[in-house]
Amino acid sequence: TGVSFNHTINYKTIKELLGKMGIRVNCRFLGDATVDEMRHFLRAPLNILADDTPDGRALEKWLENKYGCTFASHSFPVGAKQTAAFLYEIAEFFGCKEMVPGIIKEEEERYRQELRKLRPMLKGKRLVLTTINANIDYLLEALDYIGVEIVKIGVVNYLHQEIQISDTPEKYPIDENFNWTNLYDEINPLDPDIVISNFTPPVTDGDYVKDVMPMTPCAGFNSGLAIVKRWADLLGKRREGGWMNDRKYFEMYQR
């Protein structure tokens, strides 16, 4: 998509996981593909969508009907649960399922080791999060493991679909009727350390870090890790600097 910055990163992640099963990428359609790779596009017995979007599925259907291409049911996976299911599907197709448990164990151990490094910075921090109506278990599981306290999840359900934030919604304080305009009226009573939102309002007072939810998360086991690493980095930075002397002008013209 046009708002994504990590397509190449995600491709490299999936390519590495496939390589661990001895599976080679035939062609990255349409990114960084040579003329020769495009010429031999149909040699691959299986194709994988990078993004499960209407445009992507339309292209999949066209390639299936026009050229008889076969596609995996999973697109690039997000988080440990999706990635494990993705690996098993691909491995079953290529007849190498016996390799998957070892890969999952290795990746999950590395993932949790990195999360443990973030505990001293993030454990006990209070988080307010607003998001579109999409499953974010990949992030919630990472926060639970670290010990971040989730005090509010506001859902902007602009398509009016069934809420799908988590497979275990009873565990979290989910506001299914959230309105952007109420966000900063509710922040101070909740006393958060971190506020995550796709909405960018004028600068407001508050001793908390503000960041945005990614529109397209990183693929693979480390989807949640990539996000919380950024939060830890933001919390570790100085809140004030020389530029803050001009804050009154910034606030004036951003209102």
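This is a predicted model: local features need pLDDT of at least 70, side-chain atom pairs count only at pLDDT 80 or more; totals for chains, interfaces and linings use all residues.

Me: Which term describes helix 5 relative to helix 6: roughly parallel, roughly antiparallel, roughly perpendicular or oblique?
Reply: Helix 5 (residues 100-122) and helix 6 (residues 137-146) pack with their axes 8 Å apart, at an angle of about 60°. Roughly perpendicular would require 65 to 115 degrees, and roughly parallel an angle under 35 degrees. The arrangement of helix 5 to helix 6 is therefore oblique.

Me: How many charged residues take part in the contact of helix 5 with helix 6?
Reply: The crossing of these two helices, helix 5 and helix 6, is right-handed. From helix 5, Tyr111, Arg112, Leu115, Arg116, Leu118, Arg119 and Leu122 meet Tyr138, Ala142, Tyr145 and Ile146 in helix 6. Eight residues of the contact are nonpolar and no residue is polar, while the charged ones number three.

Me: Is the crossing of helix 1 and helix 4 left-handed or right-handed?
Reply: The axes of helix 1 and helix 4 come within 11 Å and cross at roughly 50°. That angle makes helix 1 oblique to helix 4. As for its hand, the crossing of helix 1 and helix 4 is right-handed.

Me: How many polar residues are there in the contact of helix 1 with helix 4?
Reply: Helix 1 contributes Ile14, Leu17 and Leu18, and helix 4 contributes Thr83, Phe86, Leu87 and Ile90. Six residues of the contact of helix 1 with helix 4 are nonpolar and no residue is charged. The polar count is one.

Me: Which helices each supply at least two residues of the lining of the largest cavity?
Reply: The count comes to one cavity of 30 Å³ or more, and about 30 Å³ of space lies in the largest cavity. Its lining consists of Gly79, Ala80, Tyr111, Tyr138, Glu141, Phe221 and Gly224. These divide into four nonpolar, two polar and one charged residues. The helices that each supply at least two of the lining residues are helix 4 (79-94) and helix 6.

Me: Which element gives the largest share of the lining of the largest pocket?
Reply: The largest pocket holds about 1,300 Å³ of space. Of its 42 lining residues, Val78, Ala134, Asn135, Met215 and Pro217 are the closest to its centre. Helix 4, strand 1 (126-132) and helix 6 each supply at least two residues of this lining. The largest share, five residues, comes from helix 4.

Me: How many charged residues are in the lining of the largest pocket?
Reply: The lining of the largest pocket includes 19 nonpolar residues. A further 16 are polar. The charged residues number seven.

Me: Which helix gives the most to the lining of the second largest pocket?
Reply: About 930 Å³ of space lies in the second largest pocket. It is lined by 35 residues, of which Cys27, Phe29, Ile48, Leu49 and Ala50 lie nearest its centre. Helix 1 (7-20), helix 3 (54-67) and helix 4 each supply at least two residues of the lining. With six residues, the helix that gives the most is helix 1.

Me: How many nonpolar residues are in the lining of the second largest pocket?
Reply: Eight residues of the lining of the second largest pocket are polar, and six are charged. The nonpolar residues number 21.

Terms used:
Residues are numbered from 1 along each chain as its sequence is written. Side-chain values use heavy atoms; hydrogens and water are left out. Axes are lines fitted to C-alpha atoms, for helices over the stretch in contact, and angles run from 0 to 180 degrees between N-to-C directions. Helices (H or I, at least four residues) and strands (E, at least two) are DSSP runs, numbered from the N terminus. Angles under 35 degrees count as roughly parallel, over 145 as roughly antiparallel, 65 to 115 as roughly perpendicular and the rest as oblique. A crossing is left-handed if the near helix is turned anticlockwise from the far one by less than a right angle, and right-handed if clockwise. Contact means heavy atoms within 4.5 Å. Ala, Val, Leu, Ile, Met, Phe, Trp, Tyr, Cys and Pro count as nonpolar, Asp, Glu, Lys and Arg as charged, and the others, Gly among them, as polar. On a 1 Å grid over the protein atoms alone, a cavity is a set of points where a 1.4 Å probe fits but cannot get out, and a pocket is an open set with protein on both sides within 12 Å along at least five of seven lines; lining residues have an atom within 4 Å of a point. Grid points are joined across faces, edges and corners, and a volume is the space filled by probe spheres set on the points.
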